[in-house]
Amino acid sequence: MDRLRDKIVPVTTLLAILVVAWYAFAVILNAPFQRDLDRRAGETPGTVEFIGKTLTQAKPTLPSPDQVATNFFENTFLRKITSNRSLIYHSWVTLSSTLLGFAFGTVLGIVIAVGIVHVTTLDRSLMPWIIASQTIPILAIAPMIIVVLAAVGITGLIPKALISTYLSFFPVAVGMVKGLRSPELMHLDLMHTYNASPSQTFWKLRMPASVPFLFTSMKVAVAASLVGAIVGELPTGAVAGIGAKLLAAAYYSQSIDMWSALVAGSVVAALLVVAVGIVGRFVERSMGGRPA
Amino acid sequence: MSIVIPEPKQVAAMSEIKNPVIEASKLGLTFQTNDGPVQALANVDLTIGKGEFVSFIGPSGCGKTTLLRVIADLEKPTSGNILVNGMSAEKAREARAYGYVFQAAALFPWRTIAGNVALPLEIMGISKAEQAERIKRTLDLVNLSGFEKKYPWQLSGGMQQRASIARALAFDADLLLMDEPFGALDEIVRDHLNEQLLELWGRTEKTICFVTHSIPEAVYLSTRIVVMSPRPGRVTDIIESTLPRERPLDIRETPEFLAIAARVRDGLRAGHSYED
């Protein structure tokens, strides 16, 4: 009951409002083109018929929710997953480079954080560069990464994954610096009274203390990874992946395809964030976390 | 305002102490702060013998916690000398000469009670079998048998503090440094833990240095009470307890107990400078 009241009701209410607003905007935005069509055909449809027509155009300015839903359903469940039109196929291509880039990014982020926390020189020198790295538009740097790596013979999955890495290491590094510095002074004093070595303090205190910070930042990082993978597919002439699908649909003004690719991307993002959350909760539970 | 630093009153008595565990002479510690230097400790002379239970009492800012931290080598003195077990405080810490109990239990929340007690043992490289044996023994000692697999949040505050005492006892250091360990607990739990601590002290013959701001606690527990006073932090009186080693809780109603408590209170009143 509590769950129903606290979560399901507010979420569905908001969703219903959004859908209604979407339909309204679909009618408004598609109306000029529909009026144009009707004028040329010499037709004068009634209001209801006119609204119906705005919601069923083949290449609408803003497709209606049911058009997107139908397209998404067909391309997800009714195609063979090896088909070029299957959203599952495209999602899988994007997902594989997302996951690889996310794994690289997490490891890189942790390594950078450990360096920053333990080496004073890195603490002073690295952080400004890390922040600067995130102010460079990824769309500008992505083609350069692909081109440079292709020149040294690296092609395929890894260049795309590296763009994901570029976006995902940042939240992990920032979160882990905070996490590794989170132990209280009293805990550090305690380790000092045991004459613990720096590596013992790291493995027995700093690392376990940083785990909650790690999972929080990994949730942000995995979503950023997906964005990186999709962006990585745009300028590279990729033929498969959600990014490639978006680009192709945009080329041919297939707005419905574009929207359903967007939906596919959001679904993948949601699944990834939820998966990281579940793993995080599982790890915290096994580390004696108080059940919420 | 001029501060007259009184000479330690019991220089003669101190030289008689055999097997000194802690020897401080002319100990001073000045912190440099933004408001200028603060003298946390000035001219502290103190000798603590093996097997003593010494309480440090005084108003906040009198340096009692700082003194304990200097003994533990968590702070470095800026003048004078400190010897622990006949060596420098740093060497003594490196030799794991003492167990330290903090104001809060400071248990690691991701470790079980047994895991927390095992922490110093793991760091000191003690074998798994020996670890298990010591965990059992020390948890028995603080009456926490059966709670090995519980996590800290599943225990009450008093039980958590007992677990932290077990952790300090686990590696068999002869010296126990306790910094207001029961300060955050309610009085009923506190009485109970005081009783248990005395019993534990009697059984293990450890030397205990105990910081507190409670007069009854200090008198009830100690063989000697060191009264301290702030600005600068210094020792103003050292009171030998005449109470027997066996102390039931109701000893606190005896005239002897009340007389010692009155002397401690007088010492605090004479030393502190609340009027300014």
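## Overall shape of chain A

A compact globule of 292 residues would come out with a radius of gyration near 19 Å, yet chain A sits at 24 Å (taken over C-alpha atoms, with the globule rule being 2.2 Å times the number of residues to the power 0.38). This is a predicted model, where local features need pLDDT of at least 70, side-chain atom pairs count only at pLDDT 80 or more, and totals for chains, interfaces and linings use all residues. Residues are numbered from 1 along each chain as its sequence is written, while chains are lettered from A and ligands numbered from 1 in the order in which they are written.

Along the principal axes, the C-alpha atoms of chain A fill a box of roughly 90 × 60 × 35 Å. Chain A has 11 helices and zero strands (DSSP runs numbered from the N terminus: H or I of at least four residues for helices, E of at least two for strands). Some 34% of the 292 residues in chain A count as buried, meaning that 20 or more other C-beta atoms lie within 10 Å of the residue's own; 12 or fewer makes it exposed, in between is partly exposed, and C-beta atoms are placed from the backbone. Of the contacts in chain A with a separation of 6 or more, 77% are between residues 24 or more positions apart (a contact has C-beta atoms, placed from the backbone, within 7 Å).

## A closer look at α3(A)

Buried in α3(A) are A:Q67, A:V68, A:N71, A:F72 and A:N75. Seen down the helix axis, they fall within an arc of 125°, so they line one face of α3(A) (the arc uses directions from the axis to the C-beta atoms). Their cover includes α4 (87-118) and α11 (255-286) of chain A. On the face turned away from the buried side, α3(A) carries the exposed residues A:F73 and A:F77.

## The hairpin in chain B

Over in chain B, strands β1 (residues 20-33) and β2 (residues 36-49) run antiparallel and are joined by 10 bridges; strands pair if DSSP finds at least two bridges between them. β1(B) and β2(B) form a hairpin with two residues between them. B:Q32 has B:P37 in β2(B) as its bridge partner.

## Where the chains meet

Chain B puts 17 residues into the contact and chain A puts in 15. On the chain B side, α4(B) gives the largest share, three residues.

Key
Two residues are in contact if their C-beta atoms, placed from the backbone, lie within 7 Å.
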